[in-house]
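Here is a short briefing on one structure. Please look through the sequence and the fold before reading the notes.

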Number of protein chains: 2
Amino acid sequence: MANHFCLLLIFTFFTLSFPSIGSSLSSSSSSKLLPRFPRYTFQNRARIQQFRGDRNEYRYETKFFSQQLDHFSFADLPKFPQRYLINSDYWLGASALGPIFLYCGNEGDIEWFATNSGFIWDIAPKFGALLVFPEHRYYGESMPYGSMEEAYKNATTLSYLTTEQALADFAVFVTDLKRNLSAEACPVVLFGGSYGGMLAAWMRLKYPHIAIGALASSAPILQFEDIVPPETFYDIASNDFKRESSSCFNTIKDSWDAIIAEGQKEKGLLQLTKTFHFCRVLNSTDDLSDWLDSAYSYLAMVDYPYPADFMMPLPGNPIREVCRKIDGAHSDASILDRIYAGISVYYNYTGNVDCFKLDDDPHGLDGWNWQACTEMVMPMSSNQENSMFPAYDFNYSSYKEECWNTFRVNPRPKWVTTEFGGHDIETTLKSFGSNIIFSNGLLDPWSGGSVLKNLSDTIVALVTKEGAHHLDLRPSTAEDPKWLVDQREAEIRLIQGWIETYRLEKEAKVSLLKRSW
Amino acid sequence: MANHFCLLLIFTFFTLSFPSIGSSLSSSSSSKLLPRFPRYTFQNRARIQQFRGDRNEYRYETKFFSQQLDHFSFADLPKFPQRYLINSDYWLGASALGPIFLYCGNEGDIEWFATNSGFIWDIAPKFGALLVFPEHRYYGESMPYGSMEEAYKNATTLSYLTTEQALADFAVFVTDLKRNLSAEACPVVLFGGSYGGMLAAWMRLKYPHIAIGALASSAPILQFEDIVPPETFYDIASNDFKRESSSCFNTIKDSWDAIIAEGQKEKGLLQLTKTFHFCRVLNSTDDLSDWLDSAYSYLAMVDYPYPADFMMPLPGNPIREVCRKIDGAHSDASILDRIYAGISVYYNYTGNVDCFKLDDDPHGLDGWNWQACTEMVMPMSSNQENSMFPAYDFNYSSYKEECWNTFRVNPRPKWVTTEFGGHDIETTLKSFGSNIIFSNGLLDPWSGGSVLKNLSDTIVALVTKEGAHHLDLRPSTAEDPKWLVDQREAEIRLIQGWIETYRLEKEAKVSLLKRSW
């Protein structure tokens, strides 16, 4: 991972697809940057349709809400259409105080998140809940300035892509929705996974008058500044491999040098291109290393106990499969052949791929990179000792430089903790706030930056040893292990408790009012 | 009060003093608008010096902090110098976890608020507290864009004058201050009166990780939308007069028609000018009515039990004095002579004024009017039944039109309750948040929009029947009645409790850490 930041993929502001976009933003055509969550790609588009087809219950209407571009100033700015999905099939209605379940849309197409959050759909009938999935500004179809091209044109047009604005969007949206439905008294419960989970937790803290509680799944709200060690992410991801097989872990750890050595040979890049079946010849070994380490990180996130199709179609316990391939290759297979055999589980489980494209997201114009370059500065390092990834020390100066070169923007690395807290969160929230569930699976490398212990009686952590990235938000399946069923049941009980308490208070107030008439 | 909104004074964007300012803002040279808190005028400037001279303990350094203009977007905007006052004479220091008392600067010169918040100075030695008084952006010397002229030039330059930005200013400022003092672990306690009290309460709710508690004195956080009846303010103000003397109340109530009748006579305005000793001839009876009703409202706010010099030099129980003059005039005095005798207590208690100027603030360029025209939309009406003020029904359309004509801005009347809550605040805060004191005196017409009962064990109301506008924040005096001494003692005990609890938690954590070493 020498000479690059962390996980991620590639800024491609000069792709053929969007030749004009971002041309004023960046003078470098490609730079690797920034940790990231599972990401929506255009390939997922087809899968959304498939999900909806498979599961009849994912029915929703798509609507748009005319949203304020800047909630915190009174500059004369154009409104933008915020997309939201809505399903009222199960709703008890306003007079019965039927709850409203609001999923806090994260950095991607809201349909992708909605169709990958089966848990909410599963429990909606039981709760008689109205479901709404507002999309995050600057993603999917919720574009300011009329189009993605305009919204992503430069640092000025992008400047309103912030977490605080997104939370205010949700607040304004749901307040208006409730008014229109005469449902002002109905309790709102927030849901979110990953960055969406961070939004859910923060929204409950910042807008307690709007939502009575939040289920924040795999929400690394502590992955900022110096709150958790920067090595946390890669240590956990590495451990996921080591626990399956230490030889697998060691093979991967040794492979980076092998790649560099191969690359330095005459025709080495050509050979690597062949070994890894790329469609075009590699430009550098870094491209290969990035492609691999991104896959390992994603594998750790989606190391689910049963087959799933979130990032990629994958078998259950995919890391076990990867390691089986790496360890089980023919005894005279080279280290790189082993790696290839393993990584094919991730990139080509269906066996349909003839050759691999390095940039799996041709429309790489990326809001998350903007967010990482402004507020979401999550320092990450990989150390020699516990990590199987290439050694890397987070270096804020080069991070900042990269952001400047790409977006002409300077990050504010201390702003998130100023705005949302994080340092010594126990003392702050021990006697402040209520009704937040932080759910995490310890296989998920993001769990290290999340809340893993109860902060108070009502701000609680639900941790599973064998869970991965917001597994609890996925639909129930016949293969669900008991610990997962238990985790979801605990969540349901807690949410029921919030709603019951809220209703009792409302009813007490109404009867008090009636008595005073 | 026909044909004008409520309390206040006059927009004078075309004054001789600032001929260029606001010329692009308004096409009407004068319009009366908007309820308001006691306001800082340039006359107060001299009094600040006097206070500081009188009371040696008001010693502070004046400093400036380079502040972000827009915390919630990443637009490339210039920083601005935020002024703050600081006193560390009594501070216990960082290692002793000495508390930091932060006064949330409101809509005016911070020196005025600092020197009128003697309570904080009085208790600082007892607590070993560091005192800081950050100024509110766009007031005093804390001007974006280099000068008041530039900051107030138009709706675009004014657009960052919002409450959320001001709170973020305080958060960023104090976080940086603590870092520089290596005082990260020191507890911050917030103070504020009036709008500053609203800021203190909201800041505790929005930034619990930054401040452990807030004393919000006379903070009408519920004076929005339909949360309290719009008549509340004028009903309370009227009652303050009625409780002193119902004939006084009736004389004032009858005076509005008498003024109009007089004004309709030939040379009526000239006669009214003479009766009320104005320096120049009245343009309309409205000007006189506004001048009177503004005085009555302010009198209700500062109806303190001992002589004070906050808005104006006044005797103790000034309303009693006003009514004594109104009721005690010679038996053949006209109704208007009586009113003049009464109002002179307010406008000319020292007897030094030869004639009255109608616009007592020649530099009327006014940030509060901008705030009232954007976020701080407080509906106020005056009804025939309980109010001695001219009847008036709040009319949002004309309010909005007035704002458009003045500032070329549209208010967002529902935004404050979306951002900060207010509707059914009991249910929201019963199990959310902690450590806020809402202190109020029931003579204060703003008390009707404040929190007057305990919301939970730690979000409490301290209400005094005989108190007025943030009386508790004033310095202790020999004349303090027992109920005021008791109120302040209760505040001190609560703040002590917050700090002790915080320290115990911090120490427990430190000893836990030590044990695990």
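The notes below cover a pocket, the nonpolar core and the cysteines.

This is a predicted model. The structure holds 6 disulfides over all chains. The largest nonpolar core has 316 residues. The second largest pocket has a volume of about 1000 Å³.

**Second largest pocket**

- The lining of the second largest pocket counts 42 residues.
- Nearest the centre of this pocket lie His423(A), Glu184(B), His209(B), Tyr502(B) and Lys506(B).
- Four helices each supply at least two residues of the lining: H16 (415-420) and H17 (425-430) of chain A, and H6 (163-180) and H18 (482-516) of chain B.
- H18(B) gives the largest share of that lining, with 10 residues.
- By class, the lining has 15 nonpolar, 15 polar and 12 charged residues.

**Largest nonpolar core**

- Within the largest nonpolar core, Tyr296(A), Phe101(B) and Tyr296(B) touch the most other members.
- Beyond its neighbours within four places in sequence, Tyr296(B) is in contact with Phe241(B), Ile252(B), Trp256(B), Ile339(B), Ile343(B), Met388(B) and Phe389(B).

**Disulfides of chain A**

- Counting bonded cysteines along the chain, the disulfides of chain A follow the pattern 1-3, 2-4, 5-6.
- Cys373(A) and Cys403(A) are joined by a disulfide, with an S to S distance of 2.1 Å.
- The link of Cys373(A) and Cys403(A) is left-handed, with -80° about the S-S bond.
- Cys373(A) sits in the loop between helix H14 (367-372) and helix H15 (396-407) of chain A, and Cys403(A) in helix H15 of chain A, so the pair ties together parts that are 30 residues apart in sequence.
- Both Cys373(A) and Cys403(A) are buried.

**Disulfides of chain B**

- Cys279(B) and Cys355(B) form a disulfide, with their sulfur atoms 2.0 Å apart.
- The link of Cys279(B) and Cys355(B) is right-handed, with 100° about the S-S bond.
- Cys279(B) is in the loop between helix H10 (268-275) and helix H11 (285-301) of chain B, while Cys355(B) is in the loop between helix H13 (335-347) and helix H14 (367-372) of chain B. This pair links distant parts of the chain, 76 residues apart.
- Cys279(B) counts as partly exposed, because its relative accessibility is 38%.
- Cys355(B) is also partly exposed, with a relative accessible area of 32%.
- A disulfide joins Cys373(B) to Cys403(B), with an S to S distance of 2.1 Å.
- The torsion about the S-S bond of Cys373(B) and Cys403(B) is about -80°, so this disulfide is left-handed.
- Cys373(B) lies in the loop between H14 and helix H15 (396-407) of chain B, and Cys403(B) in helix H15 of chain B, so the pair ties together parts that are 30 residues apart in sequence.
- Cys373(B) is buried, as is Cys403(B).

- Cys104(A) is in no disulfide. The nearest cysteine sulfur, that of Cys186(A), is 18 Å away.
- Cys104(A) counts as buried, because its relative accessibility is 0%.
- Cys186(B) is in no disulfide either. Its nearest cysteine sulfur belongs to Cys104(B), 18 Å away.
- Cys186(B) is buried, with a relative accessible area of 1%.

Key
Residues numbered from 1 in each chain as written. Chains lettered and ligands numbered in written order. Predicted model: local features only at pLDDT ≥ 70, side-chain atom pairs only at ≥ 80, totals over all residues. Heavy atoms only, no water. 1 Å grid on protein atoms, 1.4 Å probe; cavity = no way out; pocket = protein on both sides within 12 Å on 5 of 7 lines; lining within 4 Å. Points joined across faces, edges and corners; volume = space filled by probe spheres on them. Nonpolar A, V, L, I, M, F, W, Y, C, P; charged D, E, K, R; others polar. Core = buried A, V, L, I, M, F, W, Y, C linked by side-chain atoms within 4.5 Å. Buried < 20%, exposed > 50% of the residue type's maximum accessible area, 1.4 Å probe, protein only. Contact = heavy atoms within 4.5 Å. Disulfide = S-S within 2.5 Å.
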